[in-house]
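Hi everyone, thanks for coming.

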Amino acid sequence: MSTRTLELDLSTPGVDSEGRPIRVPLGVRAGASEDELGGEHMLVNIGPQHPATHGVLRLVVELDGEVVLRVIPHIGYLHSGFEKLGEYRHYNQIVPLTDRTDYLSPMANNVCLALAVEKLMGLEITERCQVLRVIACEMSRVISHLVWLGTTGIDLGAFTPFLWSFQERERIYDLQEAWTGARLTTSLTRVGGMMADVPEGWTDGLRDYCRTFPKTLTEVDTMFTRNAIWIGRTQGVGVMSAEDAINYSLSGPMLRASGVAYDVRKDCPYLGYETYDFDVPVGEHGDIYDRYRVRLEEMWQSVRILEQALDRLEKLKGAPVNVSDPRVILPPKHRAMSDMEAMIYHFKQVMEGVSTPVGEAYLGVENPKGELGYYFVSDGTAKPVRWRIRPPSFLNLAALPKLCEGVLLSDVIAINASIDIVMGEIDR
Amino acid sequence: MTASTASLSPSVAALREKFGAAITRHAVSCGDTIVHVSNERAHEALAWLRDEPTQRFDYLTDLTAVEYRDVERALEVVYQLRSIERKADLRVKIELDKTAPLVVDSVVDLWKGADWLEREVYDMFGVRFRGHPDLRRILMWDTYAEGHPLRKDFPLRGHFSRAEQTRQALSANPEAQYSLEELSIAEAYEELPADMRERLRRGERGDVG
């Protein structure tokens, strides 16, 4: 039998004249010929409602015994049409939509949106705003990686680190709530600034977190890094070479675990990341274990960045957060209620939105899952012609069939967990 | 879009030299360089950009499409390219006349990452990619018949009325939602409910053309 072909002509229904589906030959790999065992291939459906698929992902797995011949992912169960909705909204009204894409790191998405629109407008933000956004991004990285750590541990049978990581995550959620008023739907940024500065005494909470959180990281390190079961399940499983990782457009920890030292924060810096002192961990084997090591180390590095950012914030006490352009930033409420000019600006912004010049801009940021990119095309109005989300976990998940070639069924669960997907972002 | 030469990528000059008239125009917007390539030679130009030692755009950051509110304006397929080692970016665009069939050459043979991205552009805009190994809908379901949601002539609420959408949702047999690919593997066609077989026979494949 030849290799499989899937050249369905989409203009035709894909059925023959009798109405039977056009037959797709099974993919028979070298060495596994039919007459060897004469067994039939089995089709296993995992999901969309299955805890190990981390959301509403559906995997159809073709098995020869316990060996996976191929995996067909099906996505779209959480499709919300965010990109389409964005075309009908003012730029600041898109911020709440970004919360709901990668809902494990909403603040980082908010930051990316604001940065992309500011790039489109050529707007320079204030220094204090930059530092606040760095804090938001790194807090998001920590909570997102903690969810990954906990859920992957559960998938591989380790329950305790799940409780540890969710406990620590809860502390960041408390800080997030104190800052933005919401645990998930943070909507933190605005074009040209922030929704709010951090409240009084908030930085002490984050300092305390930076001081005590590494203890948990050390505990996780002790629990996993030299654990025989963990190593057995993760080393050499789901390997991606550096060349393939680039060719498959992987990004974030997935790319770096394969040995490609590419981090948007270092290679295409934004928010002044080039002025912070931190390292980018890079793996060498490209397997699940390296992805774990990379993510664990990234949390250490995030704590380093957070500490530096807190020091800077201290120095910038009292400095303005928002740009002073009244066409971009809403005037303070008391002025809008007492000053005619401020009221007009308030009215125009709420009714007409912030308009951008004709043009287009792509801006990528290093999100916990990988490179999140927002691509805006503007025709000069206050609503984008096109808002494209470059979803990191969409592209990372697209490599799943490649990663799962010839592994065991139980490894599919481990590999899928190691990709760190979030369906809100994949389906958008 | 104002074309300034301040931050123009040197790749543009190299492309113009190599491909001449196939490079229809270029621009710089917000510091990003944009090159328009004619559809006929786009695949060749993209392959050259990937393999040429002085270019080395080995990473496909993103692939998407843009349709403008101006109905006269062409639909654009957009490639965001990046060279990991040179740390350079380039945006390549192909303009498609909307009155003709929307077909471009697939770049899955150059970048594997393009597989799902092209499926998404097909799903959302109806652009077909010649040579794509498995071009079918990705976010919407196989039998989705309302069209391509990100097109400007697609209303925000969809083409069908809410009543029709509800009727279809209620009358759908969720058990029958298996792709043709899975059906042929499982050879479960005979076990399908009669209505699904009937739909397959009628050729309901979600293309309103």
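**A strand and its partners**

Let's begin in chain B, where strand 4 and strand 5 (residues 88–96) run antiparallel and are joined by nine bridges. A quick word on terms: two strands count as paired if DSSP finds at least two bridges between them. Helices (H or I, at least four residues) and strands (E, at least two) are DSSP runs, numbered from the N terminus.

Before going on, please keep in mind that this is a predicted model, where local features need pLDDT of at least 70 and side-chain atom pairs count only at pLDDT 80 or more, while totals for chains, interfaces and linings use all residues. Residues are numbered from 1 along each chain as its sequence is written, and chains are lettered from A and ligands numbered from 1 in the order in which they are written.

Back to our pair. B:Arg82 stands opposite B:Asp89 in strand 5 of chain B.

Buried here means 20 or more other C-beta atoms within 10 Å of a residue's own, exposed means 12 or fewer, and partly exposed is in between, with C-beta atoms placed from the backbone.

Now the turn. Strands 4 and 5 of chain B form a hairpin with four residues between them. One of the residues in the turn is B:Lys87, whose phi is near 50 degrees, a positive value in a residue other than glycine. Most residues other than glycine have a negative phi. B:Lys87 counts as exposed, with 11 C-beta neighbours inside 10 Å.

Stepping back, chain B has six helices and seven strands, in the order α-β-β-α-β-β-β-β-α-β-α-α-α from the N terminus on. Of its 209 residues, 37% are buried.

**Over to chain A**

A:Asp420 also has a positive phi, near 65 degrees. A:Asp420 sits in the loop between helix 17 (409–419) and helix 18 (423–427) of chain A. Is A:Asp420 buried or exposed? A:Asp420 is buried, as 27 other C-beta atoms lie within 10 Å.

Finally, a helix pair. The axes of helix 6 (residues 160–180) and helix 7 (residues 202–224) of chain A come within 10 Å and cross at roughly 165 degrees. That makes helix 6 of chain A roughly antiparallel to helix 7 of chain A. For the record, axes are lines fitted to C-alpha atoms, for helices over the stretch in contact, and angles run from 0 to 180 degrees between N-to-C directions; over 145 counts as roughly antiparallel.

Which residues of helix 6 and helix 7 of chain A meet? Among them are A:Trp164, A:Ile172 and A:Leu175 in helix 6 of chain A, and A:Leu206, A:Phe213 and A:Val220 in helix 7 of chain A. By class, this contact between helix 6 and helix 7 of chain A has 13 nonpolar, three polar and three charged residues. Nonpolar covers Ala, Val, Leu, Ile, Met, Phe, Trp, Tyr, Cys and Pro; charged covers Asp, Glu, Lys and Arg; the others, Gly among them, are polar. Two residues are in contact if their C-beta atoms, placed from the backbone, lie within 7 Å.

Note on methods
Angles under 35 degrees count as roughly parallel, over 145 as roughly antiparallel, 65 to 115 as roughly perpendicular and the rest as oblique.
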